Amino acid sequence: MRLIVSLVLAFCTFSAGVAVGSAQAVQVRRVPPKVMSGEDFGFRVEGRRGDTPVGTLVIRVNGEWMEAQFAAAVRPVTK
């Protein structure tokens, strides 16, 4: 009996946590991709989260927009 009560209590606690967590999440509303750009550097808007655009940094290579990736490196502070 004690095990069943413990399992029910654990399930209720987990369910409440899931309900609160999903209520806090703001969904991304998809929009047709559009590149807002300068000459060779831009931002491809892929959706909106509320009033905030969500997307990817892109660069133009040979006339085609490609996703930019940033290199992470450790560099010494002094030379």
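The side chains of Glu46 and Arg44 meet in a salt bridge, with 3.1 Å from N to O; a salt bridge here is a side-chain nitrogen of Lys or Arg within 4 Å of a carboxyl oxygen of Asp or Glu. The model is predicted, so local features need pLDDT of at least 70 and side-chain atom pairs count only at pLDDT 80 or more, while totals for chains, interfaces and linings use all residues. Residues are numbered from 1 along each chain as its sequence is written, and side-chain values use heavy atoms, with hydrogens and water left out.

**Salt bridges**

- A search of the whole structure finds 2 salt bridges.
- Arg60 and Asp40 meet through their side chains in a salt bridge of 3.8 Å, N to O.
- This pair links distant parts of the chain, 20 residues apart: Arg60 lies in strand β3 (residues 52–61), and Asp40 lies in the loop between β1 (29–37) and β2 (41–49).
- Strands (E, at least two residues) are DSSP runs, numbered from the N terminus.

**Exposure of the charged residues**

- Glu46 has 24% relative accessibility and counts as partly exposed; buried means under 20% relative accessible area, exposed over 50%, and partly exposed in between (1.4 Å probe, protein chains only).
- Arg60 is partly exposed because its relative accessibility is 32%.
- Asp40 is also partly exposed, at a relative accessible area of 44%.

**The sheet**

- Four strands form an open sheet in the order β1-β2-β3-β4, and the pairing is antiparallel.
- The edge strands are β1 and β4 (64–67), each of which pairs on one side only.
- On average, neighbouring strands of this sheet are turned by 35° against each other, direction ignored; the axes are lines fitted to C-alpha atoms, and angles run from 0 to 180 degrees between N-to-C directions.
- β1 and β2 pair in the antiparallel sense over 6 bridges; two strands pair if DSSP finds at least two bridges between them.
- Arg30 has Gly47 in β2 as its bridge partner.

**The nonpolar patch**

- Phe41, Leu57, Ile59, Val61, Met66 and Phe70 form a nonpolar patch on the surface, with about 550 Å² of accessible area together.
- Patches are made of residues with over 30% relative accessible area and no salt bridge, with like charges joined within 9 Å and nonpolar side chains (Val, Leu, Ile, Met, Phe, Trp, Tyr) within 5 Å.
- Accessible areas come from the Shrake-Rupley method with a 1.4 Å probe; for residues, only the protein chains shown count as cover.
- β3 gives the most to the nonpolar patch, with 3 residues.
- Ile59 is in strand β3 and counts as partly exposed at 32% relative accessibility.
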